[in-house]
Amino acid sequence: MDKNLRRLAVALVVGAMAPLFDATIVSVALHTLAGDLNASIETIQWVSTGYLLAMGVTVPLVGWLQNRLGGRRLWMAALVVFLVGSILCSLAWDAGSLIAFRVVQGVGAGAMMPLLTTLLMQAARGQALGRTMAVVSLPTALGPILGPVIGGLLLGAGAWPWLFWVNVPFAAVALVLAWRFIPADGPTGTAKLDVVGLTLLSPAVVGLLYGLSNAGSAGGFARFDVWAPLAAGVALLVAFTLWATRTTRPALVDLRLLRHRPLAAASGAMFLMGAALYGGMLLLPLSFQELRGTDALGAGLLLIPQGVGSLLSRSLAGRLTDRIGARTVAILGFAVVLVATIPFAFADASTNLWWISAVLVVRGMGLGAVMIPIMAVGFVGLEQHEIPHASTITRLSQQLGGAFGTAVLAVVLAGAAAGGGAAGGGADAVAAFQQSFWWAIAITGVALLLSFLLPGRTAVADAEEKPETATAGAVSSRA
């Protein structure tokens with residue numbers, strides 16, 4: 001990575017830290033927020049749900065917005081929206097105002113996440129994709145792991161508004177870095193907004209995310225507020241697919257890119273990786289709290305070894321992706337995650353914490369290794385103007401996969417607990433968690449099998465040796 005690319009990466013990653021940490025920081029504070037704002041858990045849950053749905057509405061628009069505004073202008077505008085939303089959240093006076101201000105935050109975050117990938121991939125121009133993606137995915141890896149720890153520490157040291165004030169310095173510094181290090185590109189086109197695509201895709205994403213977010217409640221997928229929005233979301237998604245693949249005008253998201261094998265395989269792997277990562281992040285802290293009696297902060301601290309493992313493997317995974325190809329690195333990474341999840345299918349309250357920490361380090365190394373190749377390989381062979389669409393597709397795949405994995409494992413856990421009459425940390429509760437971890441292992445196994453469809457070693461090295469002949473982003477690959 002050359003000096004300018006490194007500076008761009010630092011500017012973007014600093015900005016992305018705030019929204020990715022924010023989602024998990026707030027998740028550990030819902031009970032505190034409910035008490036302090038005199039709201040029910042059902043109401044305060046919309047603090048997280050509203051943020052998630054706002055992101056889902058915004059993500060499909062990012063490609064068009066970048067086309068009309070330019071990358072730097074859009075990035076800084078999204079940062080300002082997120083910053084203003086954070087300040088407003090810290091000043092909220094009741095649950096309704098907090099939910100409304102979280103929606104503002106979600107709009108800013110929804111624009112930033114796919115744009116982060118787009119700007120770095122366009123600047124990299126098809127070179128050192130693995131090492132570049134190792135930087136891009138840093139906030140994605142650390143957010144779910146360190147967010148609960150930071151949230152617990154903030155709640156222990158001060159009042160809940162600090163959960164949002166902590167975003168202010170991140171966003172302020174990120175704005176300065178963006179002004180200095182993100183090239184001023186300006187608009188790149190005047191394509192009209194695909195109104196038909198927008199009215200189909202954004203509600204489809206909202207329906208899917210909303211339905212999956214409700215699946216963890218009593219009744220699971222049999223609930224009306226689960227299957228109805230899921231059915232509507234699937235129907236709208238099918239309609240958008242037909243529209244996007246048949247229209248002669250520029251579609252909101254160009255799904256015809258999925259004919260490109262690397263992007264199609266990477267999107268499927270991203271869906272399953274999201275399910276494995278966020279599904280595991282549901283089960284692990286819950287098992288610590290239910291079986292060992294730890295509080296939210298204690299559970300977050302126990303997850304630190306997984307974050308350490310993820311950091312340890314990222315740099316190596318990026319270099320290996322560039323040298324030996326995405327397929328091999330992804331297969332090895334998913335295999336490590338699978339093997340390192342098996343011990344939790346046998347764990348109980350008496351399992352040694354040092355053993356658990358060691359296993360979590362290994363599991364984190366697998367997650368860190370997996371994320372790099374499947375995020376990088378989807379951009380192999382794409383032209384510059386195709387990268388924003390690919391970023392949107394992969395981002396939505398990961399977001400929907402995370403919601404799917406969380407919903408499925410929540411339903412499995414609730415069903416196993418109800419079937420065994422689980423209560424507290426008894427044998428029935430242990431059996432319920434063990435059964436749920438076997439489901440998590442099965443999801444990882446499917447992801448492992450799908451990794452064999454990823455392209456093999458890419459010709460990145462050849463492109464780096466002949467930069468004068470390499471077109472922007474047009475890097476060839478061979479299976």
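A: First, the term: a cavity is a set of points on a 1 Å grid over the protein atoms alone where a 1.4 Å probe fits but cannot get out, and lining residues have an atom within 4 Å of a point. This is a predicted model, in which local features need pLDDT of at least 70, side-chain atom pairs count only at pLDDT 80 or more, and totals for chains, interfaces and linings use all residues. Residues are numbered from 1 along each chain as its sequence is written, and side-chain values use heavy atoms, with hydrogens and water left out.

Q: Which residues line the second largest cavity?
A: The lining is Ser287, Phe288, Leu291, Arg292, Phe344, Ala347, Asp348, Ile356, Phe433, Gln434 and Phe437. Two elements give two or more residues each, α14 (261-292) and α20 (427-451). Helices here are DSSP runs of H or I with at least four residues, numbered from the N terminus.

Q: What is the volume of the second largest cavity?
A: About 90 Å³. Volume is the space filled by probe spheres set on the grid points, which are joined across faces, edges and corners.

Q: Which element has the largest share of that lining?
A: α14, with four residues. By class, the lining of the second largest cavity has seven nonpolar, two polar and two charged residues. Ala, Val, Leu, Ile, Met, Phe, Trp, Tyr, Cys and Pro count as nonpolar, Asp, Glu, Lys and Arg as charged, and the others, Gly among them, as polar.

Q: Which element gives the most to the lining of the largest cavity?
A: α19, with four residues. α7 (95-124), α8 (129-136) and α19 (387-420) each supply at least two.

Q: Now the helix pair. At what angle do α12 and α13 cross?
A: Roughly 150 degrees, with the axes of α12 (195-214) and α13 (224-246) coming within 7 Å. Axes are lines fitted to C-alpha atoms over the stretch in contact, and angles run from 0 to 180 degrees between N-to-C directions. The two helices are therefore roughly antiparallel, a term for angles over 145 degrees.

Q: Which residues meet there?
A: Contact means heavy atoms within 4.5 Å. Among them are Leu200, Leu201 and Tyr210 in α12, and Leu230, Phe240 and Trp243 in α13. By class, this contact has 17 nonpolar, five polar and one charged residues.

Notes:
Parallel < 35°, antiparallel > 145°, perpendicular 65-115°, else oblique. 1 Å grid on protein atoms, 1.4 Å probe; cavity = no way out; pocket = protein on both sides within 12 Å on 5 of 7 lines; lining within 4 Å.
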